[in-house]
Protein chains: 2
Amino acid sequence: MSVLIVGSTALDSIKTPSAANVRLLGGSASHAAVAASFFAPVKLIGVVGEDFPQEYLALYRRHKIDLSGLQIVPGKTFHWSGEYELNMNNRRTLRTELGVFETFTPTLPQMHQDTEFVLLANIAPALQHHVLDQMRKPRFVVADTMDLWLNIALPDLLRLLPRIDGFVLNDSEAAQLTQEDNQFRALKKIHALGPKYVIIKKGSHGSLLSGPKGIFLCPAYPLQTVEDPTGAGDSFVGGLMGWLAAAKGSIDANIRRAMVYGSVTASFCCEGFGLTRTTRVKRGDIEKRVKELEKLTKF
Amino acid sequence: MSVLIVGSTALDSIKTPSAANVRLLGGSASHAAVAASFFAPVKLIGVVGEDFPQEYLALYRRHKIDLSGLQIVPGKTFHWSGEYELNMNNRRTLRTELGVFETFTPTLPQMHQDTEFVLLANIAPALQHHVLDQMRKPRFVVADTMDLWLNIALPDLLRLLPRIDGFVLNDSEAAQLTQEDNQFRALKKIHALGPKYVIIKKGSHGSLLSGPKGIFLCPAYPLQTVEDPTGAGDSFVGGLMGWLAAAKGSIDANIRRAMVYGSVTASFCCEGFGLTRTTRVKRGDIEKRVKELEKLTKF
């Protein structure tokens with residue numbers, strides 16, 4: 001099975017305490033698509049401007065990402081710039097230039113509308129609705145989000161939650177959405193808003209799944225060096241959806257292992273700026289870290 | 001095998017956003033001893049004043065804790081009072097009255113000096129040295145600590161580290177001691193200071209072990225309600241040492257499971273003020289949560 005992924009396709013300029021890089025390939029859909037591509041065929045829905053570097057299109061193609069849903073239009077590509085503090089947990093957005101994203105309302109190619117696995121990566125909930133409206137009979141739909149949408153588009157997001165199977169958000173967003181500090185109580189409150197599967201991402205502390213088979217405590221791969229965590233959450237959910245789409249059997253039988261694969265894919269993302277480390281990963285590298293995680297958690 | 005535990009034996013007055021309780025049984029040795037008592041015989045080394053309630057002595061005895069090393073002397077019992085903020089992660093000490101602890105330099109009963117498992121629970125490093133000096137040939141010595149000793153008794157603590165087998169501290173203390181935000185790099189730096197086993201406690205995020213068999217990511221039991229986390233870290237290390245002392249085989253073969261038992265024992269501690277919940281726990285309750293943790297982490 002393949003995965004349809006909609007989200008932002010952007011250029012990122014990122015500063016950390018140790019280095020700075022400008023106009024890297026970024027955006028939630030870019031990270032998620034490359035992560036998913038290790039496991040399953042990916043169809044990307046997005047938009048870029050005429051300034052979008054050819055080498056980034058080549059990069060997508062090297063990962064066998066179907067670009068028939070990627071529009072290239074006059075104007076500037078979405079550009080985000082941000083800066084990390086010393087402990088890499090706090091991020092400050094310096095500038096956001098929406099560019100061609102401002103008027104993006106994609107019409108999905110006919111052949112994309114039957115895709116069974118759909119990832120609504122982090123993007124405005126209205127756009128997530130717009131893409132979901134065009135899907136015929138998806139088997140499994142997961143949406144990611146960010147604090148921005150909780151702040152400026154909450155009604156759209158709340159309307160989306162009953163329409164999706166799985167919802168992914170980070171710990172602080174879960175607390176903001178539910179007004180609940182305790183993550184296990186927050187999970188219950190989010191289920192009540194619609195989704196059957198809820199995943200809370202906790203950065204280096206791993207992630208939590210709540211679903212029909214109960215809670216799963218998913219570990220994060222231990223990293224001694226975090227170069228740039230931008231896109232780690234997108235890589236996590238991309239890897240998760242790619243692995244799920246490729247796996248045989250029920251969602252319940254596969255989702256825990258899918259999260260572990262997502263977690264490992266995200267660990268590589270953190271080890272380099274933008275997608276520079278992820279794109280050098282081989283499937284065997286991923287399998288090796290998954291095996292290590294099995295050993296690291298066994299008791 | 002039995003466990004010798006030295007640490008503070010105190011009265012705690014604790015305020016949380018939802019309730020307040022005064023003069024509860026507290027102190028690192030009390031929490032650790034009760035936790036260890038679920039698994040192995042415990043010998044307590046401590047001091048209390050003449051104001052120490054008889055019911056607390058009865059509580060120790062119900063847990064079959066050997067009190068021949070507990071001195072009852074003229075004066076007041078060590079009294080700590082503190083207050084938790086809404087998220088239960090930040091604690092503020094309101095008052096510390098050392099009382100009879102000020103002049104405590106215990107002489108160990110002859111029969112205690114041969115104990116194989118020794119837990120130097122959180123207390124001044126000088127006192128940890130003083131007790132360790134009296135042990136004949138301990139098989140496994142673990143020390144806990146707190147930020148206070150890093151601030152006011154660092155040389156004593158650094159002198160202790162090469163003398164012990166295992167060192168337990170929390171995440172912020174590890175960062176303070178090593179000037180290292182990354183916990184996996186911090187573990188390496190702490191090994192270089194002496195101990196073969198290093199454990200970093202991360203509260204609701206679980207704990208990390210680094211030892212001869214590599215890293216172990218130990219989960220925390222998911223709690224929907226945290227009434228009072230005071231003593232959770234002491235319960236963790238107490239449960240760990242009790243389980244280790246009772247287990248057959250090498251330390252390396254047992255320490256991961258010992259951590260899980262410590263983690264579960266600590267989870268009960270958080271569910272009530274002081275020791276009120278822990279003392280109502282049956283061994284079967286612990287086994288049940290350990291089995292649950294196995295299911296919660298399986299992939």
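A: A:His79 lies in strand β6 of chain A, which covers residues 79–84. Strands (E, at least two residues) and helices (H or I, at least four) are DSSP runs, numbered from the N terminus. This is a predicted model, in which local features need pLDDT of at least 70 and side-chain atom pairs count only at pLDDT 80 or more, while totals for chains, interfaces and linings use all residues. Residues are numbered from 1 along each chain as its sequence is written, chains are lettered from A and ligands numbered from 1 in the order in which they are written, and side-chain values use heavy atoms, leaving out hydrogens and water.

A:His79 counts as buried, because its relative accessibility is 16%. The cut-offs are simple: buried means under 20% relative accessible area, exposed means over 50%, and partly exposed is in between (1.4 Å probe, protein chains only).

What does A:His79 touch? Leaving aside residues up to four places away in sequence, it touches A:Leu11, A:Asp12, A:Ser13, A:Arg95, A:Thr96 and A:Glu97. Contact here means heavy atoms within 4.5 Å. With A:Ser13 there is also a polar contact, side chain to side chain, at 2.8 Å. A polar contact is a pair of N or O atoms within 3.5 Å; within protein, one must be able to donate a hydrogen and the other to accept it, and residues adjacent in sequence count only if both atoms are side-chain atoms.

Now the charged side chains. Side chains of opposite charge can pair when their charged atoms come close. The rule for a salt bridge is a side-chain nitrogen of Lys or Arg within 4 Å of a carboxyl oxygen of Asp or Glu. Over all chains the count comes to 28 salt bridges. A:Lys15, A:Glu83 and A:Arg92 are linked in a network of them.

Another salt bridge in chain A joins A:Arg277 and A:Glu271 (3.4 Å, N to O). A:Arg277 is buried, at 17% relative accessibility. A:Glu271 is partly exposed, at 25%.

Chain B has its own pairs. B:Glu271 and B:Arg289 meet in a salt bridge (2.9 Å, N to O). B:Glu271 is in the loop between α9 (251–270) and α10 (283–297) of chain B, and B:Arg289 is in helix α10 of chain B, so the pair ties together parts that are 18 residues apart in sequence. B:Arg289 is buried, at 10% relative accessibility, whereas B:Glu271 is partly exposed, at 25%.

B:Asp156 and B:Arg159 form a salt bridge too, with their closest N and O atoms 3.6 Å apart. The two residues are three apart in helix α5 (residues 154–160) of chain B, so about one helical turn separates them. An α-helix has 3.6 residues a turn, so residues three or four places apart point the same way.

Next, burial of a whole helix. Helix α1 (residues 28–37) of chain B is largely enclosed by the rest of the structure, because 10 of its 10 residues are buried. Among them are B:Ser28, B:His31 and B:Val34.

Then the meeting of the two chains. 27 residues of chain A contact 27 residues of chain B. The area buried between them is about 2500 Å², and carbon and sulfur atoms give 58% of it. Buried area is the accessible area (1.4 Å probe) that two parts lose on being put together, summed over both. A:Leu217, A:Gln224 and A:Phe299 supply 31% of the area that chain A buries against chain B, more than any other three residues. Between chain A and chain B there are zero salt bridges. The interface does hold 12 residue pairs in polar contact, both residues at pLDDT 80 or more. On the side of chain A that touches chain B, α7 (183–191), β13 (214–218), α9 (251–270) and α10 (283–297) each supply at least two residues. The largest share, five residues, comes from α10(A).

Phi of A:Arg23 is near 50 degrees, a positive value in a residue other than glycine. A:Arg23 is in strand β3 (residues 20–26) of chain A and is partly exposed, at 37% relative accessible area. Phi of A:Lys64 is near 55 degrees, again positive in a residue other than glycine. A:Lys64 sits in the loop between α2 (54–62) and β5 (65–73) of chain A. A:Lys64 is exposed, at 70% relative accessibility.
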